[in-house]
4 protein chains.
Amino acid sequence: MGSSFGHLFRIHTWGESHGGGVGVIVDGCPPRIPLELSDIQVELDRRRPGQSRLTSPRNEEDRAEILSGLFEGLTLGTPISILVHNKDARPAAYEHLRDVYRPSHADYTYEAKYGIRNWQGGGRASARETIGRVAGGAVARQVLRRLGFGEIVGYVSRVQTIEAGCEPLEVTREQVEAQITRCPDAEASERMIERIEQARHEGNSLGGVVTCVAHGVPPGLGEPVFDKLEAELAKSLLSLPACKGFEIGSGFAGTELTGIEHNDPFYAEDSRVRTRSNRSGGVQGGISNGEPIVLRAAFKPTATIRQPQQTVNRELEAVTLEAQGRHDPCVLPRAVSMVEAMVALVLCDQALRQRAQTAP
Amino acid sequence: MGSSFGHLFRIHTWGESHGGGVGVIVDGCPPRIPLELSDIQVELDRRRPGQSRLTSPRNEEDRAEILSGLFEGLTLGTPISILVHNKDARPAAYEHLRDVYRPSHADYTYEAKYGIRNWQGGGRASARETIGRVAGGAVARQVLRRLGFGEIVGYVSRVQTIEAGCEPLEVTREQVEAQITRCPDAEASERMIERIEQARHEGNSLGGVVTCVAHGVPPGLGEPVFDKLEAELAKSLLSLPACKGFEIGSGFAGTELTGIEHNDPFYAEDSRVRTRSNRSGGVQGGISNGEPIVLRAAFKPTATIRQPQQTVNRELEAVTLEAQGRHDPCVLPRAVSMVEAMVALVLCDQALRQRAQTAP
Amino acid sequence: MGSSFGHLFRIHTWGESHGGGVGVIVDGCPPRIPLELSDIQVELDRRRPGQSRLTSPRNEEDRAEILSGLFEGLTLGTPISILVHNKDARPAAYEHLRDVYRPSHADYTYEAKYGIRNWQGGGRASARETIGRVAGGAVARQVLRRLGFGEIVGYVSRVQTIEAGCEPLEVTREQVEAQITRCPDAEASERMIERIEQARHEGNSLGGVVTCVAHGVPPGLGEPVFDKLEAELAKSLLSLPACKGFEIGSGFAGTELTGIEHNDPFYAEDSRVRTRSNRSGGVQGGISNGEPIVLRAAFKPTATIRQPQQTVNRELEAVTLEAQGRHDPCVLPRAVSMVEAMVALVLCDQALRQRAQTAP
Amino acid sequence: MGSSFGHLFRIHTWGESHGGGVGVIVDGCPPRIPLELSDIQVELDRRRPGQSRLTSPRNEEDRAEILSGLFEGLTLGTPISILVHNKDARPAAYEHLRDVYRPSHADYTYEAKYGIRNWQGGGRASARETIGRVAGGAVARQVLRRLGFGEIVGYVSRVQTIEAGCEPLEVTREQVEAQITRCPDAEASERMIERIEQARHEGNSLGGVVTCVAHGVPPGLGEPVFDKLEAELAKSLLSLPACKGFEIGSGFAGTELTGIEHNDPFYAEDSRVRTRSNRSGGVQGGISNGEPIVLRAAFKPTATIRQPQQTVNRELEAVTLEAQGRHDPCVLPRAVSMVEAMVALVLCDQALRQRAQTAP
C-alpha cells in the first residue's frame, strides 16, 4: 500500500533485491513526451553499484526494458512499465542471515510488521528498490524539460566531516560527474576518496549530506496546506533508504537568525518578482516563488559494516554477527541520482497538479 | 486539493484567517472511541495566541463546536466535523497590505498560484489554519490512547541560539506545561523569555527547534517504501507554517559518525527486541522498532516583524513596508501543540493501516 | 473514510440527520470562479422535502452558509466549506426505533459495521446526507459553466410503471421544473401524481427511474482504465440512497441488439467527428466522444412505509414495527437534483483531470 | 492516472495489446497468504481467447510470471508484480486501421484525449488489458478464502434475447464451467451456442448479461457514503470493456414494486439477523448485511464485426471500413472471469478497510 508515490504523476515500484527483478509503473505521464530507453538507462547507470572504485563491487548491469506506454518514441499517456531483471542475486551469501537481525537494518522491523521476510538480501529495504524511483525520475525529467523547467543538480556536499566548499547555485552536472565522489569541489573530493577508502579498509562506513538545487522552477507550484512543496520534498527524501534529515533553504541554521536577518526582501527584475536573498529556499507558504529550490538531505552511515556486531536472532538469543561479502562504505555518490529522481518526481507531480487548478 | 492529510485516519481542514471560521473534518475515526469536547478544547488552548505574555496578543477564544460524528460521548465511525468561528478578525488592520507582498510571507506565492488572495489576513497561510490540525490531532490522541500507545511529548528545545539541556526521553508534559516557553529546562527557559521579550521590544522575531518524543509506539508501524514512518512524519511537520527542517534520530549530526559508531546493537529484554542506543530514532527501514520515536523540527523566525522592510507591490513597484498591528515574536511555544498534533495524526493513521495489513 | 468523492475536484461531506448539521467541503475548485450563495441555495431548494405537496412534509429550510473559500464573489482556490444547520430534528419521534431494525433501512448494517448508531433518525444513511452533495454539485456546475460545458438536465422518466414519453435530448430544465413530479411529460406527470397520492394514502411508497443528459461535454473526458467516465458515473449514482441500478446509453436494452444494429456509425460535421446514433451514450472506451451523455438510474421504493412490518430488534426478538411520523411516498422528484449533482461532480473532476494530462 | 483500482487492496495494471506485454502490481496484499502461480493461471485460462470454439481464435497462451512479493509460497506483504508477455501480436493485421476510427471502438476517443494512440491493436482499450485485473482478482480470491468468505460465482444469464432459467443462488462454479457458454442452464446454453455460431457466420456480434453472486460475505462491508459496497461494485463493473449497465438486487425491475412489496423483512436465525427476501441484493445503506450479494452486468455486443461499416478517418473523410481478421462474436463466456475478478477485488478491498475501522 505504500509503494506508490505522487498524485497525478504517479509511480508504483515493486521488487525485492532477490526475486525476479525490480521495476516501476509510471502512471499519469502526459502523452507525446519524447522518451528513449537511453534517457532512463543513463540515470540507472549513475545509480548502480560498481560504477567506480568507490562503490560496492556488486556488479549489476541494471538493464532497463520499457514494456508499455511508448509508441514510436513518444509516450502514449498510458502507464509506462519499466523492468530490470535481477542478475547478480546470490542468495547463498545471505544464508547465515536467515535468522539474524542485522543492527540498524530493517530485518527486525520487517519481521515485526509482516511476520515474514525474504532474508535472501535486503528485500524491499534494499537500495536496489530505488531502481524504480530513478527510472521514474528519468521520465519525470523528460516531462519537466518539455514544460520548460531548468536542471536539477544534486551533489555530495559532505562526507562524514569533510565539507565541500562550493556555492550550490553554481554547481553544474558536468562538475558533479567529473568526480567519482560526485562532490564538485575537487580538493574536498580527494579527501573524501581517502576517507572512504580508509573506511572500506576498516570494514567501516560513512554518511554525509547531499545538496540539491532545482533551477528554473516557475512560481505557483505546491498545494497548501498539507501538500506544500517542501512537505512533499521532505517526504520524498525521507523515504529514501538511510535518509535521516531534511532541510530546505536556511534549514536548521536559519533558526539562529532573527526575523530581520532572515526575511528575503522582494524586488522587481524584468517584470518578475525576485528575492534578494533565498533563505526561503525557493518556497514560501508551501508554494514555489520562482527562485531556485535548494535542499539538503542527511544520509546516515550505511548499516552494513564488516566488523563483528552484537545482536539477537529470531529466538532472541544474543549472537555475534560476522559480516561477510560485499560492503559499500559510502552510499553518498550513488545517492545523488536518487535525490535528484525524487525531486524530479515531486516537481513533475506538482506541475501537473498546478495545471489542473489554474483558473479557467 | 492539498487540504487533506492521512490515508485511513484522515483530516480535511478548511478556513481562512478572516472568513466565517476555520475547521476540520476527521474521517476514518474508528467507532466507539470516547471523545469529549474538552479533549479538543484543551489542545486548542495550548495552540491559541494570547495564552501567555509571550505569545501574540491576538485574543482569540477559539471555542470548538463538534457538529457531527459523536453520539452519547462516543464516536460513531462517521465524519467528525469541528468548527471554530472567527471572532477577532480585523480586516481593516490589513487594509494597507492589500497590494503589498510582505517579505517571506505567502502573499506573493498565493497570488502567483491562484491569481487571487484574501488579503484580509494570512488566508490559508495563516497559523490560524493549524486549528483544524490541532483539533484533529486531539481526536487522534484519543484513538492512540485506546490502542495503548504512550504519550506524545513535544517541547521547545532551542530558541534562536539558546539550547535546552534536557534528555528528550525524560521530559514530561507536566514539565513542559510548567514553563510558558514550553522549554522544560527552567534555566534555559528564563533566558529564552528574556530573549523573546527583547525581540518583541525590537520588533524582531526568533525561530528555534521543537523536539518531540512518541513513547510506547509498538513495532511494525510504517508503510515501505514511500509511506515510511519517517517520511510521513517529515511531510507532516514540513507542512506546518515556518517549518524548514526535520530530523529523526541522529539526524544531521549522525552523519558525522561512522557506521561502527552509529549502528544500534540489538539485545533482548523481557521477550522483546530492544536496541542499546537509539540513533535510529525508533524507526528502521521505515517501520517503527518499538523504541521511542524522537524527532526535531526547525522553525524559522516568524516573518511578521515591526521593522520597515523593502518589498514590492502588485504593480512591481518598490515600496517600504511599515508593519503595524500585532506581532508574535516567537511562535515556538505555540508550535509544540502543532508538532504533537501532526505526530499523533501520523501515528494514528499508520496504526489503522497496520491493522488492515496484518496477516489474517 | 468513505465520505470523500472525486480526485481533483473533491467533496467531503459530513453530518447526521440529527446532530448539529450537515455540510460539505469542496476542495480543488479552481480559483476565480464566480460563486454566489444563491447558486447553491437554488439547488438545495430543489432537493429539500416539503417543496411541493408530493414530497415529505418535513419542513426543513436548509439555509446554506458559506464559511470559507470565497472572497468578493470569487472562489479563492482554497477549500469551500458549506454548512446547513439541522432545524427540524425531532429525536423523540425516533424513540421507538432505538432498538428496532427497520426493514430495508440501514439500521442493522450500521450496527453491524460500527457497533453503534445514532438512532435519532437515519444518521448518515438519511437522505439528508445528500445536502452536501447537492451543494458541492452546485459549485461544480459553476466550474463547468466557466469551462463552456452545456447544461445537465435530469428528469423523472418513470414512477413505478408509469413511463414518460419524452425524448431525453429535448428535455429542458424549464419543462422539468414546470411539473411538481419533475417529469416533463405533462400527461404522464398527472398519472404519477395520482399514483403517488394513492401510495401516500395507503402508507405505501414507490420507486422509479431518473434519466439524465449532460449536454455540451467535450471529447476526451474519462480516465482509462478504471476511472472510465461511465465507471465514475456509475459509482456516483449507486452511492445515492436507494439507487439500485445504472445504465449508460443503450444499457440493458442494448444487449438485445446485434453488433451491426448497435454500433454507432461515425460521420463528420463542421470539422467535428459525430456519431449518427448514440447507443454509446456519449462514452466510448471510457472517454467522452462529444455526443450528449445519457444515463438512467433506478431508485427502489422508499423503505419508510406506514404499514406494520415484521422485523427484529437488537436482542433478535421478532417485533412488529408500526411506523409513525412523516413519510415521503416517492423520492423521485427530489432525486433529480441529487442525480444532476453527482453528474456535475464527476464531469468537473474529469475535466480537471484532463487538463492535467494534456500534452504540453 | 486511472490505472489503479482499490484503496487498501490495490491493483495497478499496465500494458497495451501490442507492446512488450501486460501486467499488474498487486499492492496491499496482507502477508503470509498462500499463493501459487497456478492460482493465477487458472483464472487467466478462463479469461483467454481461444479456450473454446465459441471464443476468438486468437491463440494467446497468456503465461503469467510472478516477479516479486512471494517467498516460499507465501505473500510477503510487498507488491506482487505479475507479467504476461505478448505473444500473438500481429501489428500488420492492423495496418489498414492506422487512420480509421472503428465505430463504437475507442479509436476516436483515445485520439481525442491523448492526441496519439497505438493503432496496432486496441491499445489499453483492448480486452487484453483485463489480464491484469483477472490476475489481481485471483490474488484477491486467495485473501478472501483466508478470511473465510464464500465463493464468487458468475455466469452468463443472457445472450442477446436468450435467457437462462436458473436460480442465481444455486448456481455452482462446476455447473458454469461445464458449459462452454458459461451458462449453467444446459438447454439455454445450447440455444446460445447456436445463436453465437450464427453471429460468427454472419460476421455479427452479440451482447448479454452476466449475473454474479458472492456467497458468505460477512455483514459490515462497505464504506458510506461514497464508497458504498454497491457503488464500488458498480464502478468496478462499468470499468470493464463493453459494460453498459449494472444492477444490484432487485435493480431496475424492483422499481416496479411498491415499498410494501419490496422491503425485505428481518428475522433471526441461529443468532444471526437474516432477511426473508433479498431484494436488497445483500447490501443495505451501502453496507453488506450478510445475505448473498447478487448483481448483474450488461455487456453490449462486441464492436468488432465483419460487415462493412460507414465511418471517418483522421482527416474526417468518410470511409467504408471492411473489417478483416479475427472476430469474437460474443465476449460473454470470457466476461464471467472478468466480472468475478472485479467483485473479488472490491470485496477484498472492503474487507481490509473494515479491519482498519473496527472499534479497538
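Modeller: Start at Val153(C), whose bridge partner in β10(C) is Val213(C). That bridge belongs to the antiparallel pairing of strand β8 (residues 152–159) with strand β10 (residues 208–214), both of chain C, which runs over seven bridges. Strands count as paired here when DSSP finds at least two bridges between them. The elements themselves are DSSP runs numbered from the N terminus: helices are H or I with at least four residues, strands are E with at least two.

Before going further, some housekeeping: this is a predicted model, where local features need pLDDT of at least 70 and side-chain atom pairs count only at pLDDT 80 or more, while totals for chains, interfaces and linings use all residues. Residues are numbered from 1 along each chain as its sequence is written, while chains are lettered from A and ligands numbered from 1 in the order in which they are written.

Now zoom out. β8(C) and β10(C) sit in an open, antiparallel sheet of ten strands, in the order β9(C)-β8(C)-β10(C)-β16(C)-β11(C)-β11(D)-β16(D)-β10(D)-β8(D)-β9(D). At its edges are β9 (162–163) of chain C and β9 (162–163) of chain D, each pairing on one side only.

Next, the helices. α9(C) lies across β8, β10 and β16 (293–299) of chain C, at about 140° to β8(C). In chain D, helix α9 (residues 332–357) touches β8 (152–159), β10 (208–214) and β16 (293–299), and it makes about 140° with β8(D). Those angles run from 0 to 180 degrees between N-to-C directions, with axes as lines fitted to C-alpha atoms, for helices over the stretch in contact. Contact means that C-beta atoms, placed from the backbone, lie within 7 Å.

β8(C) and β9(C) also have another neighbour: the buried residues of α5(C) pack against them. Those residues are Ala188(C), Ser189(C), Met192(C), Ile193(C), Arg195(C), Ile196(C) and Ala199(C). (Buried means 20 or more other C-beta atoms within 10 Å of a residue's own, exposed means 12 or fewer, and partly exposed is in between, with C-beta atoms placed from the backbone.) Just after α5(C), Gly203(C) takes a positive phi of about 70°.

Helix α9 of chain C turns up again where chains meet. Chain C puts 16 residues in contact with 16 residues of chain A. Helix α9 (residues 332–357) of chain C supplies the largest share of chain C's side, five residues. By class, that side has eight nonpolar, four polar and four charged residues; Ala, Val, Leu, Ile, Met, Phe, Trp, Tyr, Cys and Pro count as nonpolar, Asp, Glu, Lys and Arg as charged, and the others, Gly among them, as polar. Of chain C's interface residues, 100% are also interface residues in chain A, so the copies meet through the same surface.

As for symmetry, chain C can be laid on chain A by a turn of 180° and a shift of 0.0 Å along the axis, with an RMSD of 0.0 Å. The two copies are thus related as by a two-fold rotation axis. Ala356(C) has the C-alpha nearest that axis in chain C, 2.3 Å from it. The superposition is by least squares on C-alpha atoms of residues with pLDDT of at least 70 in both copies.

Definitions and conventions: Contact = placed C-beta atoms within 7 Å.
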